[in-house]
Amino acid sequence: MTRTQKQPDQGGERVENKQGRAAAGSVQSVDRAVSVLEILARHGEAGVTEIADELDVHKSTAFRLLGVLENRGLVAQEKERGKYYLGAGVLRLAGAAAVRLDISQEGVPVCRELADELGETSNIAVLDDDAAVNVMQARGTASVTAQNWLGRRTPLHATASGKVLLAHLPTTLREGLLARPLHRFTERTVTGAAMLRGELETVAEQGYAITQEELEIGLAAVAAPVRSHDGKVIASISVSGPVYRLTPDRLPDLAKRALAAGVELSRRMGYGC
């Protein structure tokens, strides 16, 4: 070996190997946890020994996996017989996925009709943690840009859709989100929690939200709520376009149309039926 050649950094290799093994172990644990859920879905219920046998792991490993899943509410145990079954947490996750799927499907004709009627872009958005994500979009005849909002996460405090969703959140959740830093996108973005709180009260009272150049310069939007069968606001439907078309004198009519679309989509989701 010449003087210019370096010996391998064996300490670094050991760290990398250790990290690699840890990552592989984590992936294996996730895979096994999912397998546990699939076993319970298939059999309805199963004991630790049955699950361990199907996974081909030691009973202690199966017990640890079940413990984690039970803490998350994804499995529950029948105390008398010791059998495990799928918990309410799975229903919660499935319900959330079903709502998003249903509203995407049911919203297609409503969203397209709104876009065709007004000539502007129409979107349906749902809450995704601390953002609004657009799950349906239709472009109107007046849309001159190819901007795609579908699948895009947008800030709650700077969009009409986001403000509708924020305004109808339970107080504790809403206040938790308002306690976070509110990013400024333009000079018109509301970044003060007190001012935003006042706006949200107005949104809840009048039934719709309006934003003008709060997310992007030149962009305006109007949004209305969409409710599920139990009256809970699960989404918002919006109309957006350039400020030179969505002028102040036109906004009341756009709000009226968005509200009507929200009512129709809510009806399709079972509200008022």
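**Ground rules.** I number residues from 1 along each chain as its sequence is written. Since this is a predicted model, local features need pLDDT of at least 70 and side-chain atom pairs count only at pLDDT 80 or more, while totals for chains, interfaces and linings use all residues; side-chain values use heavy atoms, with hydrogens and water left out.

**Entry 1, the sheet.** I looked up the strand order and got β5-β4-β3-β8-β7-β6, an open sheet of six strands with antiparallel pairing. Helices (H or I, at least four residues) and strands (E, at least two) are DSSP runs numbered from the N terminus, and two strands pair if DSSP finds at least two bridges between them. The edges are β5 (153-155) and β6 (209-212); each has a single partner strand, so one side of each lacks a neighbour in the sheet. On average, neighbouring strands are turned by 35° against each other, direction ignored.

I then checked β4 (residues 131-138): three bridges join this strand to β5, and the two run antiparallel. Opposite A132 I found T154 in β5.

What packs on the sheet? Helix α8 (residues 251-268) does, touching β3 (121-128), β6, β7 (219-227) and β8 (233-242). Contact here means heavy atoms within 4.5 Å. The direction of α8 makes about 30° with that of β7.

The axes of α2 (residues 48-55) and α3 (residues 59-71) come within 8 Å and cross at roughly 110°. Axes are lines fitted to C-alpha atoms, for helices over the stretch in contact, and angles run from 0 to 180 degrees between N-to-C directions. That makes α2 roughly perpendicular to α3 (65 to 115 degrees). I listed V48, T49, I51, A52 and L55 from α2, and K59, A62, F63, L65 and L66 from α3. These contact residues split into eight nonpolar, one polar and one charged.

Buried or exposed? I found S238 in strand β8, and at 6% relative accessibility S238 counts as buried (under 20% relative accessible area, with exposed over 50% and partly exposed in between; 1.4 Å probe, protein chains only). Leaving aside neighbours within four places in sequence, S238 is in contact with L114, T121, S122, N123, S161, V222 and A223.

I placed A88 in helix α4 (residues 88-118). At 57% relative accessibility, A88 counts as exposed. I also looked up A76, twelve residues away along the chain: its C-alpha atom and that of A88 are separated by 8.2 Å.

Conventions:
Angles under 35 degrees count as roughly parallel, over 145 as roughly antiparallel, 65 to 115 as roughly perpendicular and the rest as oblique. Ala, Val, Leu, Ile, Met, Phe, Trp, Tyr, Cys and Pro count as nonpolar, Asp, Glu, Lys and Arg as charged, and the others, Gly among them, as polar.
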